[in-house]
Amino acid sequence: MLPFAAAVVTPLVYRVLRERTAYYAAAVALACFGMVASQLGTSGSVSFQWIPSLGVSLQFYVDGLSLLIGFLASGVGVLILTYSGGYMHGEPGKAKYYTALLAFMGSMLGVAFSADLISLFVFWELTSLSSFILIGHYTDRRSSQYAARKSMLITVSGGLFMLIGFILINKVTGTFAMFGPGGILTDAASVNAQLHAAGLFVPALALIAVGAAAKSAQVPLHIWLPNAMEAPTPVSAFLHSATMVKAGVYLVGRFRPLFLPEGVHIIPDWMLLFAVLGLVTMTITAILAVAATDIKELLAYSTASHLGLIVAGFGFASEYGAETGAFHILNHAMFKAALFLVAGIIAHEAGTRKIKHLGGLWRDLPITAAITVVAALGMAGVPPFNGFYSKEFLFESAYHAAEIHGGLAWLFPVVAVFGSIFTFLYSIRFLMLFFGEKPKGLGHVHRPPLTMLVPPAILGTIAALIGLGGVTDTFGIAPTSLNHFVGSVVESTLPPAAHAEAAEAVHFSYHLPTSVTPAATMSAITIAVGLVAYQYYDDLHRGINRLLTVNPLRANWWYDNAVYGLNDASVETIPHVQTGLLRTYATWSLTAVTLLALGGYAAAGVALPSFGFAAGMTPSLALVLGVAVVGAFAVSIAPSHISGVLTLSILGFMVAIFYILADAPDLALTQLVVETLTLVIFLLVLDRLPTFYGEIKRSRAVRDGILSLAVGTTVFVTVLVTTVADPANSIAQTFLDYGVTVEEAGGHNIVNVILVDFRGFDTMGEISVVAMAALSVLTLIAMRERGETQ
């Protein structure tokens, strides 16, 4: 809750601190980091009641996976907010910027620790809302508006698919709780079997996959991420490399124990979906990164590519797959956040983000160049840098799956190597911005302030230390703390049977290859082919861009045509819907209500009660109801306004007589007064209208007749459905059971007491409405007396 509370007061803080608000926000993030760190080595849950009637609670859970995402959200947040102190100097909207960043951090922490499906969904959508504000930070730019709308549309829509998946799980299990006694993930094997038995396993899996794919920019939903680079660079580094896009892969890792069965010798649905999705995304977006002309665009596509690597890792059924996803979440956050901050330094100090206009920057930016060497080579998967080790785990996973399943499964290692070659290419291209000759026109590049240099340096140092840990482990000196932590993350993503078999915590370690293994061979092929292919980088760049001129090959073409096509359809529809005629609006509204109501009854399988005279039906009551039916029919054939209104009043007076016969004189009196006033007002209005209805087209008469019957049927069925219940205790008896007599309440009958004592606020609201209406009438009369008639 701390980031949300801090976000609320940030506009006030900005009035006092101005530019230094960045350090206030960084201090909040540091406090959050400390609180997350205080949970290190613990596990368990805590729950607070939220919506008891629906079984929804604010439940939070601590394990390795949630701590990893929590550390990234708060720890990287400290560095990004500190970096913003230098980067955002002179930028507009800083109060809104820091407010939204803190709200986003709180939302991401909520996603990481939520242990209830509904609270997870709420925090999930809050990340989309806050990122919408941050991506659209430059509100006067059309490109920024377009990017914010696209990200909101795709990620929020994906979240709604995910919510439906959650509801399907709840339908089977009867709970939204993820952990604790009877929790969905605590009892994952049983829930898995229940989903299969109900035939909802594949639908639930597919719906949750859409939510994860939308948030983590998986093909074809990757298109929002490159446009999101319209946001300030610190936002790109925070949301789109280290945290928000990790929400999608976090969801995949979190639900892996539920959907991934143990001991299956055919390719399971989970693996078929996520391993294929991840490898396809990894490859396609790596190719698109080679086609990029802007450094942030290159990093955006590379982010989607590495997210595909993580999804593919979690998709593979082996423990290697869990290690791939868990370790690469950490590695990718370190080198990619560093590279985004480096891109911000380049854009800020060189004044351009165009790749062709940059080169030889190491002379002016030596420290930044050193950071880039560590981060870019880690991104490329070159040993001994950190990204190499998690890439090795991916190769192990892909080869292991191919060995077990054979056949087309051998495409897994082939595609993994192919996509990794393009990853190597764009990583080296980014690195070469700092080497070679400086392009003409690029003058002296100023060194960045310390607030912009220290955060990427810290991230680069951590990435370097992780890489160094693999080197030392090769010689028998393992980074024990890191291995233990990543092992706890891996354990969080293993299926239940794996937990049962493990007598102790998962043992995780990483090191340089010490022998010729399939994974080492795949890494060697990737680097060797990448070095050769880099000589033809410009040719590949131009060739891919030529292919992208073919519209159907671009996902954006499909998106733009769909969205703008819907806009055009809306423009065409408006003249037919908004005609300015009350008849048209009534037709559309009543048709929609009728279809929804009757469709809802049919979908719910509502059974109508049997027909017959109710107990206590006397000949007098039957006669009154019969007259009402005749009056209703007479209304439909009335030849004029006057006769129609007079005939309609028969119904109202019959209702009043019904109340008299039912021993409800107060209701009868009210009904008589209302009916009489309504009749008088109708007649006064009709004095200004034509005497007869006039002629209408036969087609319109038929349409109106059918609609009238449908509306009548809807009301009739609704009355039957809502009155079929016959509770043992009547409502009147319930009020009497409160033990307050009419005399004690100071009333004259039970109705007075109910209205004043039990429905006091309701009555006060009704009186307020009448009073406001009376004041409005008086105001209109007074205005007319002053001659204000228009």
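Modeller: S216 has a relative accessibility of 0% and so counts as buried (under 20% relative accessible area is buried, over 50% exposed, and in between partly exposed, with a 1.4 Å probe and protein chains only). This is a predicted model, in which local features need pLDDT of at least 70 and side-chain atom pairs count only at pLDDT 80 or more, while totals for chains, interfaces and linings use all residues. Residues are numbered from 1 along each chain as its sequence is written, and side-chain values use heavy atoms, with hydrogens and water left out.

S216 sits in the loop that runs between α8 (201-215) and α9 (224-227); helices (H or I, at least four residues) and strands (E, at least two) are DSSP runs numbered from the N terminus. Its side chain reaches back to the backbone oxygen of A212, at 2.6 Å. That is a polar contact, meaning a pair of N or O atoms within 3.5 Å; within protein, one must be able to donate a hydrogen and the other to accept it, and residues adjacent in sequence count only if both atoms are side-chain atoms. Apart from neighbours within four places in sequence, S216 is in contact with V245, G248, V249, L307 and V311 (heavy atoms within 4.5 Å).

A217 lies in this loop between α8 and α9 as well. The phi angle of A217 is positive, about 55°, although the residue is not a glycine. A217 is buried, with a relative accessible area of 0%. P220 belongs to the loop between α8 and α9 too, and the peptide bond that joins V219 and P220 is cis, with omega about 5°.

P383 and P384 are joined by a cis peptide bond with omega near 5°, and P384 lies in the loop between α15 (366-380) and α16 (386-405). R18, which is not a glycine, has a positive phi near 55°. R18 is in the loop between α1 (2-17) and α2 (21-37), and with 45% relative accessibility R18 counts as partly exposed.

T82 is another residue whose side chain reaches a backbone oxygen, that of V78, at 2.8 Å. T82 is placed in helix α3 (residues 64-87) and is partly exposed, at 23% relative accessible area. Not counting residues up to four places away in sequence, T82 touches Y23, A26, T451 and P455. Y23 is 59 residues from T82 along the chain, yet their C-alpha atoms are separated by 5.9 Å.

Next comes helix α5 (residues 117-135). Its 19 residues should span 27 Å at 1.5 Å a residue, and its end C-alpha atoms are 27 Å apart, which agrees; the expected span is 1.5 Å times one less than the number of residues. Of those 19 residues, 14 are buried, so α5 is largely enclosed by the rest of the structure. At the start of α5, a side-chain oxygen of D116 comes within 2.9 Å of the backbone nitrogen of I118.

Aromatic rings give a further view. The whole structure holds 27 aromatic pairs; rings of Phe, Tyr and Trp (its six-membered ring) pair if their centres lie within 6.5 Å, and planes under 30 degrees apart count as stacked, over 60 as edge-to-face and the rest as tilted. F123 is buried at 7% relative accessibility. F418 and F422 form an edge-to-face pair, 5.2 Å from centre to centre with 70° between the planes. These two are four residues apart in helix α17 (residues 411-431), separated by about one helical turn. F418 is partly exposed at 41% relative accessible area, whereas F422 is buried at 10%.

For the whole, the protein chain has 31 helices and two strands. Buried residues make up 46% of its 790 residues. The chain averages a pLDDT of 89, and 95% of the residues score at least 70 (pLDDT is the predictor's confidence in each residue, from 0 to 100). Where pLDDT is low, the predicted coordinates should not be read in detail.
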